Amino acid sequence: MRVTFRSSYTKLGELQKTSKGSPAYGRLVNRPLGRAFASAAFELRRTPNQVTVVSAAFTLTGIALIALVDPTVWSSIGVALLLVIGYALDAADGQLARLRGGGSASGEWLDHTVDAMKIGVLHLSVLVNWYRFGDHTELELLVPLGFQAVATVQFFSMILMDQLRRAHRGTTGMRMQGDGSSSWLYSFAVLPTDYGLLCLVFGLLFWVQGFLVVYTFLFVANLAFLCLALPKWYREASRF
């Protein structure tokens, strides 16, 4: 019997990962969008790796536009759409893998490599844009550099923490601190750390002067989160 979009979408509702630690945008917007993309990809007989490649194409095109194009209303909206779709497809590849019965080590490697590529160049593209088209001070140009450093450390540490949790769960059979779900209050509290929110900020504000203020606020919020999270993750890992 042919699997329809509706049946795939319903099935994925039963296969969702834990929402533990997920910011509000991911829970309310990105994961449902990814669920729809995964259902469509399943009906079209696409593979998770193909979805990952398409996600990378959207995301890297959006990042390239940030670096190469003088911000306008329409270019900023275009950047936001490319990044939002790329992010949703990034959520779709894992859901599609679960729908197909499980993923692969190579698929997980490809997914994380694309994520690392995205995190590794996004804020550098902002720096290039400000240097080419903006009238920013040297101090202001340090903001995307700092944001780049914070984002890189945060991404690597989170990925490694997830791998350590899986390894410990496999040897003990116990539920980990990363299992379960987070409250909605927590999800909204950590919203400034959500990549999806940053995608929307590019679309709404990148072309106006106020972007510097909002972008700097997001940088400070992510730095504060990292300073709180690193000791917590260290203490958790020390108990494994």
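## F202 and its neighbours

F202 is in contact (heavy atoms within 4.5 Å) with I66, S76, V79, L83, L122, V126 and F211, leaving aside residues up to four places away in sequence. This is a predicted model, in which local features need pLDDT of at least 70, side-chain atom pairs count only at pLDDT 80 or more, and totals for chains, interfaces and linings use all residues. Residues are numbered from 1 along each chain as its sequence is written, and side-chain values use heavy atoms, with hydrogens and water left out.

## The nonpolar cores

The largest nonpolar core has 27 residues, and I66, L83, W130, F202, F211 and Y215 touch the most other members. Such a core is a set of buried Ala, Val, Leu, Ile, Met, Phe, Trp, Tyr and Cys residues joined through side-chain atoms within 4.5 Å; buried means under 20% relative accessible area (1.4 Å probe, protein chains only). Two or more residues come from each of α3 (48-68), α4 (73-99), α5 (105-133), α6 (138-172), α8 (195-205) and α9 (210-238), helices here being DSSP runs of H or I with at least four residues, numbered from the N terminus. The most, six residues, come from α9.

A second, separate core of six residues includes A38, A41, V51 and L96.

## A look at α9

Buried residues of α9 include F211, L212, Y215, L218, F219, N222, F225, W233 and E236. At 1.5 Å a residue (times one less than the number of residues), the 29 residues of α9 should span 42 Å, and the end C-alpha atoms of α9 are 42 Å apart, which agrees.

Note on methods: Buried < 20%, exposed > 50% of the residue type's maximum accessible area, 1.4 Å probe, protein only.
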